[in-house]
Amino acid sequence: MEMETETTNYDESEHHVIKLSGIPYSASLEDVAYFMAGVDIKGGRRNGVHLTKDDTGRPSGEAFIELMCEEDLTIALRKDREYMGERWIAVAKSTYAALREDVDKIGTLPDSVRVLYLLLL
């Protein structure tokens, strides 16, 4: 018997997403938004910056950022290897599907970690 799998299709042409790697574990939404000065973040820092967590709910050192347009994407990619504090940050083009996959991991965490994560938001 063949199982049906649910798939969600995203129109990637409507989304301009970058992934930051190497950010300090202590970085806040504001820190990441400040690093991205000069680009328009879709939804502002509250809705457009997504700090990811590892399997235990701790900061992963990565973030996804949704940008307003292709021009913002181009500007953001120029920030590759710039510094946030003492750490250089890798900036790479990503996809909305990758963002959703990583951000949706919170749904698979134990309830105690999920509650703590939501309280910290």
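In what sense do β4 and strand β5 pair, and over how many bridges? The two strands pair in the antiparallel sense, over 3 bridges, where pairing is counted if DSSP finds at least two bridges between two strands. One of these bridges joins E82 to its partner I89 in β5. Helices (H or I, at least four residues) and strands (E, at least two) are DSSP runs, numbered from the N terminus.

This is a predicted model, in which local features need a pLDDT of at least 70 and side-chain atom pairs count only at pLDDT 80 or more, while totals for chains, interfaces and linings use all residues. Residues are numbered from 1 along each chain as its sequence is written, and side-chain values use heavy atoms, with hydrogens and water left out.

**Confidence**

The pLDDT, which is the predictor's confidence in each residue on a scale from 0 to 100, averages 82 for the protein chain, and 75% of the residues score at least 70. Over residues 1-7 the pLDDT stays under 50, and the model has 0 contacts beyond four places in sequence for them, a contact meaning heavy atoms within 4.5 Å. Residues 107-119 also stay under 50, although the model has 12 contacts beyond four places in sequence for that stretch. Where pLDDT is low, the predicted coordinates should not be read in detail.

**The sheet and its helices**

An open sheet is formed by 5 strands in the order β2-β3-β1-β5-β4, with antiparallel pairing. Its edge strands are β2 and β4 (82-84), each of which pairs on one side only. On average, neighbouring strands of this sheet are turned by 35 degrees against each other, direction ignored; axes are lines fitted to C-alpha atoms, for helices over the stretch in contact, and angles run from 0 to 180 degrees between N-to-C directions.

Helix α3 (residues 70-77) packs on the sheet, where it touches β1, β3 and β5, and its direction makes about 150 degrees with that of β5. Helix α4 (residues 96-103) packs on the sheet as well, touching β1, β2, β3 and β5, and its direction makes about 140 degrees with that of β3.

Strand β3 (residues 59-67) pairs with strand β1 (residues 16-21) in the antiparallel sense over 6 bridges, and I18 stands opposite I65 in β3. Strand β2 (residues 49-53) pairs with β3 in the antiparallel sense over 4 bridges, and here the bridge partner of V49 is I65. Between β2 and β3, which form a hairpin, lie 5 residues, and G57 in the turn has a positive phi of about 90 degrees.

**Salt bridges**

Side chains of opposite charge can pair when their charged atoms come close. A salt bridge is a side-chain nitrogen of Lys or Arg within 4 Å of a carboxyl oxygen of Asp or Glu, and a search of the whole structure finds 3 of them.

| Pair | Closest N to O |
|---|---|
| K19 and E62 | 3.4 Å |
| D80 and R81 | 3.9 Å |

K19 counts as partly exposed because its relative accessibility is 24%, a class that lies between buried (under 20% relative accessible area) and exposed (over 50%), with a 1.4 Å probe and protein chains only. E62 is also partly exposed, at 23%.
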